[in-house]
Amino acid sequence: MDLFTAITLAVFLPFIMAGILPAAEKVLKNRIGWYATATAFLSLLLVALAVPSVVNGENVQGSVAWLPSLGIEMSFYGDGLSIMFGLIVSGIGILIMAYSNEYMSKREDLSRYYRQLLMFMGSMLGMVFSSNIIQLFIFWELTSITSFMLIGYWRNRPMSVYGATKSLLITASGGIFMLAGFLVLNIITGTFDIATVLQNESMIETIKGHEFFLFALVLILIGAAAKSAQGPFYIWLPNAMEAPTPVSAFLHSATMVKAGIYLVARIHPIFSGTDAWFILVSGLGIITMLAAGFLAFRQTDIKGILAYSTISQLAYMMAMYGYTTYQYPGIGVAAATFHLLNHATFKACLFLVAGIVAHETATRDITKMGGLRKDMPVTFIIGSIAALAMAGVPPLNGFLSKEMFYESSLEMGHLLGGPLEYLIPAAAVLGGVFTFAYSIRFIDGIFLGKRRSEHLPKHMHEPSLIMLVPPAFLAVLVILIGLFPSVAVHYIIEPAAAGILLQEVHLHVSLWHGFTTALMMTIITFIAGIALYTKYDTIAAWQDRMNARYPWFSINYAYDRIVNGAPGKSAAFAAVMQPGPVKPYLVALLLLFLVLGAIPAMLVATTLVPADLNFNVPPYEGILLGLIVLAALGTAILRKYLHAVIAVSAVGYLISLVFIYLQAPDLAMTQILVETLFTIIFLLVILKIPQTFRENLTRSVLARDLLISSAVGITVLVLLLNATQGIASPFESISYYFIENSVPLARGHNMVNVILVDFRGYDTLGEIVVLCLAGLGVYNLIKSRSDSK
Amino acid sequence: MTTLITKTVSKACVPIIILFSVSLLFAGHDLPGGGFIGGVMFASAISLLYVAFGLKYIDSIYSYQWDKWFGAGLLLASLTGFGAMLFGYNFLRSLYMLVSLPLLGDVKLLSTTLFDIGVYLVVIGSLLYVFKGTGEDE
């Protein structure tokens, strides 16, 4: 099997399996989770097939035409970066789905749960392997939608619904900004294919020199920040913790929230090495890292702590990907990529441990826990390994990437010089200190200290192996990558960094690398972290007080104001724009017609009325036209509905006579029939309403109405005069085409009908759809009115 | 309105109008007519029945669900479009053949006729759907 097929299959397999999952559930019943696990395993195998070739520097690439007329094709591109993400997504996917077998109660809607998980996995794989940016966008939004459904999995819990809505609103609208950024990129480069841009140095130079450079960058970064919960967009992630814990572990720590980071890494070659890139990406990263790390203190929900820690860890990567200068683009790329992999392992593990704890204690409140090490020693060990890795303690993998973070911060500061030489490393250390403190909090609050049994169930025990093995596996990975980093670095990190930097990368990562400044910084981090931890509760209490005193000083407050205010605002808007009676709409429409139709027509026309008017009207037509005018006047003047309706239909019948004179039998016949039918419908309606108009118009309103209607009438007259006998048309009439071709091409002698059903058949199809919708609309309007009575 | 004269006249007229509407539908390609006009004519014939005999009486004999008519029409018109795709042509491309039938002689068969029947059904269905909805309303 060639590798392009393998990648394509890896992406679509989860979708296909999700499609036939309900049928499989009938056979497998409660063991359906293993079916999903097997699917993830197959996807992992398919992705892994590409690893040897990518390690040798040969990327996988291929495409299938999809919307050729728009230049959009389905194309996949697998370089080191995509493969790394593909391995993380499918690998963590296996563990999550296996774990869910035990975590999700048998009474839950398992079919929906696994279907959505599989669809998410497919979308995520599709996103990271997409070469075409429109396709990337589609998969990107698919991950937002599946995430929405999974956060809102427990549909009857208000907080789940709130969290799901919030995440969808923020990530999906960020996606729209990103799409706009992609379109700007397309304007600059003329291609939708990201691999083409990456392989074309002159194209990258064009982008960097283009006036829209900053515009495209900001738009794309908004999308990335919204997805990865960076900057002000972080607010959705804490609320997303309402999802079932395996979902949080999968989507909201290991994979989906990294989509924004992936995007930043993906566009790194295009935008990096500029000041704007450093300021925007690193600035956003550093601010988020510090703010989220600090805000984590207040959290009492164990998943809440993990959510804030995820935000700050993602911000590390963001900051590192931003470390670039003109001479040295990509200072932090290898470090960020390594941290990305490490974070996926230890954070997913932490979430799974949190899931076990919440499962056994039936609470997620850390203030009610403590002393669980005696009841669950194995869980305690696994959780501690993962938390210490997050804190950056050797010999675990988090230590290595944290050191690299410090190193790259030092180097970046050194290159920039000035006060930044000290500020950037100092910010990095401060971020590390916060991380250390909340990591210790996780271990201490849950497992150490005294058991507060008044809140906890009497008998707590280790979970079954199904729930224990996945986090244990991750904990072993955490240790192995820490002790023997070279394997992961060679097969995963080097190709991924090569994919970002577009050149071969050789890294030397080892546990002991001498007594460096970075090691000094780590030691400072530990000491300061322990010192900070002694004040942990004081700081949390202070944060609570500030929050109570200044509730408006938060992004959530603004979000709630906007979202909760929306129904009221739109109702007010509708009350103004849609008052109910027909007249205001008609006035608006006619005024619009005057502004858009009359004024431009007058500007274009040299004279208002053509000089040589031909008013040679035969007498019978004159009489007919006079009658039409009379009937129309009657419509306007008559006071009773019945009379007015008859006058309207008189106008219609008289017009059909005009059609007969003009030798248009089709039109005449249609006009008569429609007129008849609508007169009957009108009569049916007016039988049930008051017989006279009860409209007392003031003189000014009457004058306004008269002015508008006569202005419209005169405009139409002038336009018609010009159209029929005035200005020579710049275009040839299209009717000649139909006259010539209706018999040879469509075998029909009735040109009107031939146009309707053949030449313009597509239009007619649209029209009959409208007719159906109009019928349904009228019917439902009538019915809903009688229902509400 | 529902005098004996109206009832008798409509009984006599309605079948003729319906036949005429069908002939309009099929003649449409070469002579004045077509699905739209035919449909409106059919609808006015039925509405004559409704007015002459009353909705309830007609419903008691046979309750027409006009929404099904326009649903079917829309389906037929769209399927005609897809039919062309089965033969490898673009959506809605018209197809044509001449067939010799006993008694009728040479008859030209057009895919557009099927499309026009779809239009016919949609027009009948939606007009009478609205008509009946308005009439039933209290």
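Reader: Is A:Phe148 buried or exposed?
Author: This is a predicted model. A:Phe148 is found in helix H7 (residues 133–151) of chain A. A residue with 20 or more other C-beta atoms within 10 Å is buried. A:Phe148 has 20 C-beta neighbours inside 10 Å, so the residue counts as buried.

Reader: Leaving aside neighbours within four places in sequence, which residues is A:Phe148 in contact with?
Author: One pair of C-alpha atoms gives a sense of scale. A:Leu169 is 21 residues apart from A:Phe148 along the chain, and their C-alpha atoms are separated by 9.3 Å. With neighbours within four places set aside, the contacts of A:Phe148 are A:Ala164, A:Ser167 and A:Leu168.

Reader: What separates the C-alpha atoms of A:Tyr736 and A:His414?
Author: The two residues are 322 residues apart along the chain.

Reader: Are H1(A) and H6(A) roughly parallel or roughly antiparallel?
Author: Helix H1 (residues 3–19) and helix H6 (residues 110–129) of chain A have axes 8 Å apart. The packing angle is about 160 degrees. Angles over 145 degrees count as roughly antiparallel. So H1(A) and H6(A) are roughly antiparallel.

Reader: What is the handedness of that crossing of H1(A) and H6(A), and how many nonpolar residues are in the contact?
Author: The crossing of H1(A) and H6(A) is left-handed. H1(A) contributes residues including A:Ile7, A:Val11 and A:Phe15, while those of H6(A) include A:Leu118, A:Met121 and A:Phe129. By class, the contact has 1 charged residue and 2 polar ones, and the nonpolar count is 13.

Reader: What pattern does chain B follow along the sequence?
Author: Chain B has 5 helices and 2 strands. Its C-alpha trace spans about 55 × 35 × 25 Å along the principal axes. Of its 138 residues, 38% are buried. Read along the sequence, the pattern is α-α-α-α-β-β-α.

Reader: Which element of chain B supplies the largest share of the side that touches chain A?
Author: In all, 41 residues of chain B are in contact with 37 residues of chain A. Helix H2 (35–53), helix H4 (66–86), strand S2 (105–110) and helix H5 (111–136) of chain B each supply at least two residues to that side. By class, the side divides into 22 nonpolar, 14 polar and 5 charged residues. The largest share, 14 residues, comes from H5(B).

Reader: Why are H4(B) and H5(B) roughly antiparallel to each other?
Author: The axes of H4(B) and H5(B) come within 7 Å. Their crossing is left-handed. They cross at roughly 160 degrees, and angles over 145 count as roughly antiparallel. H4(B) and H5(B) are therefore roughly antiparallel to each other.

Reader: Which helix gives the largest share of the side of domain 3 of chain A that touches domain 4?
Author: Domain 3 of chain A covers 581–739 and domain 4 covers 740–789. Across the boundary, 5 residues of domain 3 are in contact with 7 residues of domain 4. The domain 3 side divides into 4 nonpolar, no polar and 1 charged. Its largest share, 4 residues, comes from helix H32 (residues 735–746) of chain A.

Reader: How many of the 9 residues of H33(A) are buried?
Author: Helix H33 of chain A runs over residues 751–759. Among its buried residues are A:Val752, A:Leu756 and A:Phe759. The helix is largely enclosed by the rest of the structure, because the buried count is 7 of the 9.

Reader: Which residues does the cis peptide bond join?
Author: Most peptide bonds are trans. Here omega is about 5 degrees. A:Pro395 lies in the loop between helix H19 (377–391) and helix H20 (397–416) of chain A. The cis bond joins A:Pro394 and A:Pro395.

Reader: Is A:Ala229 buried or exposed?
Author: A:Ala229 lies in the loop between helix H11 (213–227) and helix H12 (236–239) of chain A. Its phi is near 55 degrees, a positive value in a residue other than glycine. With 28 other C-beta atoms within 10 Å, A:Ala229 is buried.

Technical notes
Residues are numbered from 1 along each chain as its sequence is written. Chains are lettered from A and ligands numbered from 1 in the order in which they are written. This is a predicted model: local features need pLDDT of at least 70, side-chain atom pairs count only at pLDDT 80 or more; totals for chains, interfaces and linings use all residues. Axes are lines fitted to C-alpha atoms, for helices over the stretch in contact, and angles run from 0 to 180 degrees between N-to-C directions. Angles under 35 degrees count as roughly parallel, over 145 as roughly antiparallel, 65 to 115 as roughly perpendicular and the rest as oblique. A crossing is left-handed if the near helix is turned anticlockwise from the far one by less than a right angle, and right-handed if clockwise. Two residues are in contact if their C-beta atoms, placed from the backbone, lie within 7 Å. Ala, Val, Leu, Ile, Met, Phe, Trp, Tyr, Cys and Pro count as nonpolar, Asp, Glu, Lys and Arg as charged, and the others, Gly among them, as polar. A residue is buried if 20 or more other C-beta atoms lie within 10 Å of its own, exposed if 12 or fewer, and partly exposed in between; C-beta atoms are placed from the backbone. Domain bounds come from an automatic or database domain assignment.
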